[in-house]
Amino acid sequence: MAGRIPLFLLACGSFNPITHQHMRLFELARDQMHQTGLYHVVGGIVSPVSDGYGKTGLVASKHRLAMARLALQTSDWVTVDEWESQQSDWTETLVTMRYHFNRIAAQYQRKTGEPTNNSGGPQLKLLCGADFMDNFKVPGLWRADHIEEVVGRFGLVCVTRGSLQPDRTIHESDMLSRHRQNIFLVREWIQNEISATEVRRALRRGYSVKYILPDSVIDYIRENNLYTQDSEMKNKEIQLRPLTKQTD
């Protein structure tokens, strides 16, 4: 794929736990970006959120990292990065994107001697699911300048499925419409409605999740007694950190 722009895909989230659907997003996005004729996807990054996120039922980052690494041990291009998960406080998605882009840019410059602002330098885009852009509309969840930079400077690769309509979300937002050329919508035609919330519910009720999670992840959950009635109560009375951080 000579002459194409090297592209890294970054997925941020709880990964509580990581599922086959999470991993499938990377494969779908890589195919779509290659089909544009402009990009060569050279790497994928899974970045689990820190424990400071405050989401109900969020197990410790050490477990979420371990499960993600087990799930992706057969991938030759998607890796798990611990930087975000190890921060003492929740980290805004934009801050995480800046960190990874600066790291990628430094590696590129050491290898080629050229700064990344030259033609042909690597790019980083945020990989997300179909409902991600709806979060932009939640009052207090995102700062407008952060949305502007995430979409305008970096870009989104959004995998959509079912009846969700991210194109309508773009149409209804002046900011997203302004950067439409930097938002890539990927259609998932093979229906896969795996939900980490439903996975946790099944696990705490003792139901099978085989073929929904990798066997290695299921074994890890059993060995460490994760996703029980007690663990689902964690952070139950705590407001999501993104909502409180905006008012700090």
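**A guided reading**

Author: The secondary structure of the protein comes to ten helices and six strands. Please keep in mind throughout that this is a predicted model.

Reader: Why can the protein be called as compact as a globular protein of its length, and what is its radius of gyration?

Author: The C-alpha trace spans about 55 × 40 × 35 Å along its principal axes, and buried residues make up 48% of the 248 residues. For 248 residues the globule rule gives 18 Å, and the value for this protein is close to that, so the protein is as compact as a globular protein of that length; its radius of gyration is 18 Å.

Reader: Among contacts between residues at least 6 apart in sequence, what share joins residues at least 24 apart?

Author: These contacts are counted between residues whose heavy atoms come within 4.5 Å of each other. Of those between residues at least 6 apart in sequence, the share that joins residues at least 24 apart is 76%.

Reader: Which strands stand at the edges of the sheet?

Author: Six strands form an open sheet with parallel pairing, in the order β3-β2-β1-β4-β5-β6. Each edge strand has a single partner, so one side of it is left without a neighbour in the sheet, and the strands in that position are β3 (78-80) and β6 (183-187). From one strand to the next, the twist averages 25°.

Reader: What angle does the direction of helix α4 make with that of β4?

Author: Helix α1 (residues 20-35) packs on the sheet, where it touches β1 (5-13), β2 (39-48), β3, β4, β5 and β6, and its direction makes about 155° with that of β2. Helix α4 (residues 144-154) also packs on the sheet, touching β4, β5 and β6, and the angle between its direction and that of β4 is about 120°.

Reader: Why do the buried residues of α8 lie on the same side of the helix, and how wide is the arc they cover?

Author: In helix α8 (residues 215-223), the buried residues are Val-217, Ile-218, Tyr-220 and Ile-221. They lie on the same side of α8 because the arc they cover around the axis is only 160°. An α-helix has 3.6 residues a turn, so residues three or four places apart point the same way. To return to the value asked for, the arc is 160°.

Reader: Which exposed residues does the opposite face of α8 carry, the one turned away from its buried side?

Author: The cover over the buried residues of α8 includes α2 (61-71) and α7 (196-204). On the face turned away from that buried side, the exposed residues are Arg-222 and Glu-223.

Reader: Is Phe-15 buried or exposed, and what is its relative accessible area?

Author: Phe-15 lies in the loop between β1 and α1, and it has a positive phi of about 50° although it is not a glycine. Most residues other than glycine have a negative phi, and most peptide bonds are trans. In the loop that also holds Pro-17, the peptide bond from Asn-16 to Pro-17 is cis, with omega near 0°. Phe-15 counts as buried because its relative accessible area is under 20%, with a value of 6%.

Reader: Is Tyr-211 buried or exposed?

Author: Tyr-211 lies in the loop between α7 and α8, and its phi, near 75°, is a positive value in a residue other than glycine. At 70% relative accessibility, Tyr-211 counts as exposed.

Definitions and conventions:
Residues are numbered from 1 along each chain as its sequence is written. This is a predicted model: local features need pLDDT of at least 70, side-chain atom pairs count only at pLDDT 80 or more; totals for chains, interfaces and linings use all residues. Side-chain values use heavy atoms; hydrogens and water are left out. Buried means under 20% relative accessible area, exposed over 50%, partly exposed in between (1.4 Å probe, protein chains only). Helices (H or I, at least four residues) and strands (E, at least two) are DSSP runs, numbered from the N terminus. The arc is that of the directions from the helix axis to the C-beta atoms. Two strands pair if DSSP finds at least two bridges between them. Axes are lines fitted to C-alpha atoms, for helices over the stretch in contact, and angles run from 0 to 180 degrees between N-to-C directions. The radius of gyration is taken over C-alpha atoms; the globule rule is 2.2 Å times the number of residues to the power 0.38.
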